[in-house]
Amino acid sequence: MQLVYGQQNGAFNLNDPEKISYLNPKNYVISAVDVTGTQFLDKNVLITISKLSVGQYLEVPSEATAKVVKDMMAQGLFDDVELWAEKIEGENIFLTIRVVERPRLTRIDINGLSKSQTEEVRKRLNSNTGKIVNENLMNTTRATIQRFLKEKLFISRNYTKNS
């Protein structure tokens with residue numbers, strides 16, 4: 001087990017019990033906060049959400065380090081979040097929040113409809129492009145397509161009344 005004291009240059013996960021000692025937490029001054037792994041989200045906004053700021057004291061390990069990960073995951077934007085110490089110099093700690101963003105909807109392939117019907121469905125779903133793919137988006141997209149198909153089925157039926 002690696003103790004979190006002194007100077008360390010190898011990066012390690014602050015919530016990994018194999019790398020840090022929960023028996024001897026230590027206070028550090030945050031010297032830098034960075035975010036890696038983001039493609040669509042603004043790093044500064046994510047740092048604000050983390051509530052970490054340069055000059056702030058942070059006990060490592062602590063509930064505060066676990067809360068950073070928990071609060072970031074609660075946003076619903078990520079598949080994974082980890083808080084890493086990139087290096088420790090004396091009482092200074094350099095942090096990186098490593099994130100894996102959830103996938104975003106970039107396109108929808110539709111088979112079995114005419115070109116005009118496909119375009120109409122795409123128009124209805126256009127507002128979903130760029131949104132994070134989650135169960136709600138999948139259900140909404142499915143419902144929109146099913147509603148379109150029901151409308152077209154209803155419109156194309158010919159009704160005759162026999163007297």
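**Ground rules.** I number residues from 1 along each chain as its sequence is written. Because the model is predicted, I take local features only at pLDDT of at least 70 and side-chain atom pairs only at pLDDT 80 or more, while totals for chains, interfaces and linings use all residues, and side-chain values use heavy atoms, with hydrogens and water left out.

**Confidence.** I looked up pLDDT, the predictor's confidence in each residue from 0 to 100, and found a chain average of 83, with 88% of the residues scoring at least 70. Residues 1-6 fall below 50, yet this stretch has 27 contacts in the model beyond near neighbours in sequence, a contact being heavy atoms within 4.5 Å. Residues 154-161 are also below 50, and there I find one contact beyond near neighbours. Where pLDDT is low, the predicted coordinates should not be read in detail.

**Strands.** I use DSSP runs numbered from the N terminus, with helices (H or I) of at least four residues and strands (E) of at least two, and I call two strands paired if DSSP finds at least two bridges between them. Strand E2 (residues 26-36) pairs with E3 in the antiparallel sense over four bridges, and Tyr28 has Leu58 of E3 as its bridge partner. E2 is also joined to E5 by seven bridges, in parallel, with Thr36 opposite Arg98 in E5. In the hairpin of E4 and E5, two residues lie between the strands, and Gly90 takes a positive phi near 65°. On E3 (residues 57-60), I note a covered face of Leu58 and Val60 and an uncovered one of Tyr57 and Glu59.

**Cores.** I define a nonpolar core as a set of buried Ala, Val, Leu, Ile, Met, Phe, Trp, Tyr and Cys residues joined through side-chain atoms within 4.5 Å; buried means under 20% relative accessible area, exposed over 50% and partly exposed in between, with a 1.4 Å probe and protein chains only. The largest core has 26 residues, and those touching the most other members are Leu14, Leu52, Met72, Leu83, Ile93, Leu95 and Ile97. E2, H1 (43-50), E3, H2 (63-74), E4 (78-89) and E5 (92-101) each supply at least two of its residues, and the largest share, five residues, comes from E4. A second, separate core of seven residues includes Leu105, Ile108, Leu125 and Leu137. Leaving aside neighbours within four places in sequence, Leu95 has contacts that include Leu14, Leu52, Leu58 and Leu83.

**Charges over rings.** I count a charge as over a ring if NZ of Lys or CZ of Arg is within 6 Å of the ring centre and within 35 degrees of the ring normal. The charged end of Lys87 sits over the ring of Phe94, 4.8 Å from its centre, and Arg98 lies over the face of Trp84, at 3.7 Å from the ring centre.

Gln117, in helix H3 (residues 115-125), is partly exposed at a relative accessible area of 25%. Leaving aside neighbours within four places, Gln117 contacts Phe148 and Lys152; the C-alpha atoms of Gln117 and Phe148 are separated by 9.1 Å, at 31 residues apart along the chain. Thr144 lies in helix H4 (residues 135-156) and counts as buried at 11% relative accessibility; not counting residues up to four places away, Thr144 touches Arg124 and Leu125.
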